[in-house]
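Trainee: Could you take me closely through one piece of sheet, and then on to the side-chain contacts and the packing around them?

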Amino acid sequence: MTLLSRRLTVSTLAVTLVLAGCASRPGLAPEGSPAEPARIAVNQLGFLPASAKWAVVTGGVGDRFEVRRADNGAVVHQGRLGPAAEWAPAEQTGRLADFSALQTPGEYRLQVEGGEPSVPFAISPTAYAALNAATLKAYYYNRSGIALLPEHAGAWARPAGHPDTVVKVHASAASPSRPEGTLISSPKGWYDAGDYNKYIVNSGISVYTLLAAYEHFPAWFTAQRLNIPESGNALPDVLDEALWNLDWMLSMQDPDDGGIYHKLTDLRFDGTRMPHEAKDDRYVVQKSTAATLDFAAVMAMASRVYQPFEAQRPGLSARMLAAAQRAWQWAQAHQNEIYRQPADVVTGEYGDGGVADEFAWAAAELYISTRDDDYWRALHADRLTIVVPGWGDVKGLAWVSLAQHRQQLTPAADQALITARINSLATELAATWKASSYRLSMQRADYVWGSNAVALNQALMLVQGYRLSGQRDQLDAAQSVLDYVLGRNPLGLSMVTGFGARSPLHPHHRPSGADGVDAPVPGFIVAGPNPGQQDLVHCNAVYPSKAPARSYVDAYCSYASNEVAINWNAPLVYLSAAMQALTGTAR
């Protein structure tokens with residue numbers, strides 16, 4: 001089971017249309033049809049004027065390329081292709097076209113000698129505004145316990161499902177104050193992925209990444225309007241959306257002892273049906289150390305993010321911090337309560353056998369929010385390494401938060417160490433990007449379940465390095481990840497529903513599969529290429545290749561390559577905002 005594996009069992013939209021929930025998708029392809037490799041792979045949305053701009057050309061006979069206006073074919077830029085080189089993850093040879101010097105806004109196509117032109121792409125100062133809004137609004141579409149009304153959801157309006165006001169305490173979660181079968185209320189929250197269950201562990205990194213995006217780029221998100229029910233209530237929409245899940249997370253804390261239930265779930269996955277049609281009993285299952293520490297970290301962070309909005313949510317910030325501290329105390333007394341899937345539960349596990357990273361992350365967030373040096377000491381910073389974060393290893397998030405707040409920390413903090421940790425990882429990722437024939441930080445081993453999120457979290461860490469060092473290659477390497485998920489990949493496919501000339505049409509997402517609407521719910525990034533192909537036993541669609549970067553199929557049954565998940569969308573929200581905020585001021 002890979003780090004990001006969560007299962008043990010089985011045409012660009014205009015921003016106004018996205019926010020209204022109204023979009024059309026021409027040219028729907030048959031389900032399961034493999035994505036044919038593109039001759040020219042390019043970011044199908046386009047680029048900011050000052051961004052690095054690359055395309056990859058496979059095949060072809062010439063050595064030169066041209067960029068032409070899409071409307072009249074006029075040549076506006078030309079250059080020489082780089083040398084042909086194999087990219088191991090794709091088992092494919094390609095050549096790079098660098099047209100970064102072109103900065104004039106407009107619609108363009110790239111063409112090589114003797115070849116067909118690329119799909120059209122734009123150069124625009126708002127190139128990723130609609131993408132950022134849609135990937136954030138995807139969380140609204142995945143809300144539990146609320147009807148999605150036509151004025152907010154458009155074609156994807158639906159009745160409320162899973163109110164979760166009558167939830168049973170599972171035997172694994174029973175306690176003296178809440179014996180098995182006790183009924184509790186735990187409403188709101190987001191459906192985790194393609195299924196209808198809610199998991200604290202995955203909510204942890206997802207909410208964190210959205211709140212970090214706001215902390216790092218507040219001006220961008222303060223100006224944004226998503227057309228969600230709360231829009232215009234004096235909180236930025238990103239904080240309103242995060243609150244829908246934070247309110248649910250707070251209800252998952254046992255008021256008697258402060259521990260956190262690992263998940264709220266059916267006993268088994270629902271079939272392909274709409275939320276309001278799924279009426280199985282719901283349960284909270286086992287308290288775990290990992291869930292409790294993820295909760296502590298997120299609530300400590302949220303307490304400082306929402307503190308300026310005391311007038312809108314009186315007492316919320318204090319309540320969050322108190323909840324985080326109680327969770328920390330429970331975890332101190334239950335340091336090895338590893339989640340074990342009960343025999344009668346077969347939904348997502350999010351099992352994590354090692355919780356040292358969760359202890360470090362929670363300590364870091366509590367230290368930042370309380371300025372209590374005991375939490376700094378509990379962090380053991382001198383022994384804490386750094387890696388690209390994922391739900392199963394969150395220590396990188398500790399370093400991101402410490403770096404963001406380094407000027408406000410107590411004298412106990414080692415600021416040089418904080419900077420060094422971030423810079424070391426960003427430098428390593430940028431070096432891999434520079435050496436890659438595809439100009440990408442992803443390597444063969446990175447192609448696991450949820451590989452697109454691996455790439456996006458690499459970009460998130462590259463952005464942290466750039467924000468500290470100002471080294472342009474780190475920003476350009478992050479841009480390359482955005483290019484990759486938006487079409488500059490061996491599949492020639494934008495990996496985000498509703499965005500790009502060619503994008504997923506059959507994601508493993510129950511509402512998209514059951515709502516009767518041809519187009520999938522927009523704004524979701526799919527899992528991405530996965531050579532493990534763990535769904536073959538349940539899916540009759542044909543993967544086009546076992547090559548790591550080409551092992552993907554656009555089929556509803558492909559939960560191993562085509563599912564959606566809240567933790568996969570979050571770094572795309574972060575990255576698209578970061579590129580909009582940072583590229584115009586890049587050095």
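Mentor: Val67 stands opposite His77 in β5. That strand and β4 (residues 64–69) run antiparallel and are joined over five bridges; strands count as paired if DSSP finds at least two bridges between them. Strands here are DSSP runs of E with at least two residues, and helices are runs of H or I with at least four, both numbered from the N terminus. The model is predicted, so local features need pLDDT of at least 70 and side-chain atom pairs pLDDT 80 or more, while totals for chains, interfaces and linings use all residues. Residues are numbered from 1 along each chain as its sequence is written, and side-chain values use heavy atoms, with hydrogens and water left out.

The pair belongs to an open sheet of five strands in the order β2-β9-β8-β4-β5, with mixed pairing. At its edges stand β2 (46–47) and β5 (75–80), each with a single partner strand, so one side of each has no neighbour in the sheet.

Now the aromatic rings. Phe47, Phe99, Tyr108 and Phe121 make up one aromatic cluster. Across the whole structure the search gives 18 aromatic pairs. Two rings of Phe, Tyr or Trp (six-membered ring) pair when their centres lie within 6.5 Å; planes under 30 degrees apart are stacked, over 60 edge-to-face, and the rest tilted. Tyr141 sits in helix α2 (residues 129–141) and Trp156 in the loop between α3 (150–153) and β10 (167–169), so that the pair links distant parts of the chain, 15 residues apart. Tyr141 and Trp156 are both buried, where buried means under 20% relative accessible area, exposed over 50%, and partly exposed in between (1.4 Å probe, protein chains only). Tyr367 and Trp376 have ring centres 5.5 Å apart and planes at 50°, so this pair is tilted. Tyr367 and Trp376 are buried as well.

Charges also sit over rings, the rule being NZ of Lys or CZ of Arg within 6 Å of the ring centre and within 35 degrees of the ring normal. Arg439 lies over the face of Trp433, 5.4 Å from the ring centre.

Arg143 has a second contact: its side chain forms a salt bridge with Glu230 at 3.0 Å, N to O. A salt bridge needs a side-chain nitrogen of Lys or Arg within 4 Å of a carboxyl oxygen of Asp or Glu, and the count by this rule is 21. Glu230 and Arg143 are both buried. The side chains of Asp247 and Lys188 also meet in a salt bridge, again 3.0 Å from N to O. Asp247 is in helix α6 and Lys188 in the loop between β11 (183–184) and β12 (198–199), so parts 59 residues apart in sequence are tied together. Asp247 is buried at 16% relative accessible area, whereas Lys188, at 28%, is partly exposed.

A local case is Arg377 with Asp374, whose closest N and O atoms are 2.4 Å apart. These two are three residues apart in helix α10 (residues 373–379), which is about one helical turn. Asp374 is partly exposed, at 47% relative accessible area. Elsewhere, salt bridges link Asp164, Lys198, Asp266 and Arg282 in a network.

Last, the packing. Nine of the 10 residues of helix α11 (residues 395–404) are buried, including Trp399 and Leu402. The buried residues of α11 pack against α4 (200–216), α7 (289–305), α9 (356–370), α10, α12 (415–435) and α13 (451–469).

Leu402 is also one of the residues that touch the most other members of the largest nonpolar core, along with Leu110, Leu246 and Tyr306; this core has 184 residues. Helix α7 gives the most to this core, 12 residues. Such a core is a set of buried Ala, Val, Leu, Ile, Met, Phe, Trp, Tyr and Cys residues joined through side-chain atoms within 4.5 Å. Beyond four places in sequence, Tyr306 is in contact (heavy atoms within 4.5 Å) with residues including Leu211, Leu246, Leu316 and Met320. A second, separate core has seven residues, among them Cys539, Ala541, Val553 and Ala560.
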